[in-house]
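Let's take a walk through this structure together, stopping at a pocket and at a few individual residues along the way.

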Amino acid sequence: MTDLPLDQVRTLLAVVDEGTFDAAAAALHVTPSAVSQRVKALEQRTGRVLLLRTKPVRPTESGEIVVRFARQLARLERDTRSELGMNGAGEPTRVTVAVNADSLATWFLPALTRVPREPPFCFELHREDETVTAELLREGLVMAAVTSSPDAVTGCSVRSLGSMRYFAAASPGFAAAFLDDVPLDEGLARAPVITFDRRDDLQDAFVRRLRRGPDGASRLRHAVPTSEGFLDAVVAGLGWGMVPEAQAGELLTDGRLISLVPERALDVPLFWQQWKLDSPALAAVASAVAATAAETLRG
């Protein structure tokens, strides 16, 4: 294999994005037979199965690598057309980023306001837990991600942003009802707890660290899948939870929340990963994100 024919690479991407060979054919204005032949030729050239012929089709691990390359190629093509003045007047540059909910609710949107307005940008944000945002990069679905992983995804660069600090917090009424008459580590292991979703391990990690054992928080848990809703649930006394420092300040000051173990804050390191492309759009966003993170996150 000496090269990857671009028409075959673009066809593979169309099949993945459209979900079927027929839909990809319609999007590319060719016949389904032509789409099938291009994909088969690319698989023969790479010596690997690139697609699982399911409904919708899904890329294999090798297919994900080619799909990511196709998306990067499209990004470079758009940037080149823009620099040559070949885009339509005022056509925005689309930047796709995966970001965790707590960053989105606190410091990330202000970072985007620092991105220069010319040329115009169109942001497409994917909200995912910081432990899984790197997966979207690996699949080629986003160009950059705020992630908790310091290990660079293949084809990506990584830089440290700082840490988000979390406090175990609860409403005064909840603490009186569930935590006053028992040792705190035991109480937190039994009391109702708020989680973001089933992948949210932050509360469990805090209890394991507090108890120095393998058991996490209570199985009596309420899943609230938004950062603002999570905070509201804790304030309402539905359960205890790990609340970002940036959101907790005023609530702790006015007594609507209490920090259960103020000396045992939990710091979650965050990293910025992005495609290794000489892209002015990515560079502008990365610069704004890094500057805002330096001002708001802990070093």
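Helix H10 gives the largest share of the lining of the largest pocket, three residues. Helix H5 (101-106), helix H10 (202-211) and helix H11 (227-235) each supply at least two residues of that lining; helices here are DSSP runs of H or I with at least four residues, numbered from the N terminus. This is a predicted model, in which local features need pLDDT of at least 70 and side-chain atom pairs count only at pLDDT 80 or more, while totals for chains, interfaces and linings use all residues. Residues are numbered from 1 along each chain as its sequence is written, and side-chain values use heavy atoms, with hydrogens and water left out.

Staying with the largest pocket, its volume is about 260 Å³, that is, the space filled by probe spheres set on grid points joined across faces, edges and corners. A pocket is an open set of points on a 1 Å grid over the protein atoms alone where a 1.4 Å probe fits, with protein on both sides within 12 Å along at least five of seven lines, and its lining residues have an atom within 4 Å of a point. The lining of the largest pocket has 18 residues, and Asp102, Asp129, Glu130, Asp200 and Leu202 lie nearest the centre. By class, the lining divides into seven nonpolar, four polar and seven charged residues (Ala, Val, Leu, Ile, Met, Phe, Trp, Tyr, Cys and Pro count as nonpolar, Asp, Glu, Lys and Arg as charged, and the others, Gly among them, as polar).

Now turn to helix H4 (residues 61-83), where you will find glycine 63. Glycine 63 is buried, at a relative accessible area of 0% (buried is under 20%, exposed over 50%, partly exposed in between, with a 1.4 Å probe and protein chains only). Not counting residues up to four places away in sequence, glycine 63 touches Leu12 and Leu50, contact being heavy atoms within 4.5 Å. Threonine 80 is also found in helix H4, but this residue is partly exposed, with a relative accessible area of 44%. Threonine 80 and serine 279 are 199 residues apart in sequence, yet 9.1 Å apart in space, C-alpha to C-alpha.

Our last stop is threonine 292, in helix H13 (residues 280-296). Is threonine 292 buried or exposed? Threonine 292 is buried, with a relative accessible area of 4%. Leaving aside neighbours within four places in sequence, threonine 292 is in contact with Trp107, Pro110, Ala111 and Arg114. The side chains of threonine 292 and arginine 114 are joined by a polar contact of 3.2 Å, meaning a pair of N or O atoms within 3.5 Å, where within protein one must be able to donate a hydrogen and the other to accept it, and residues adjacent in sequence count only if both atoms are side-chain atoms.
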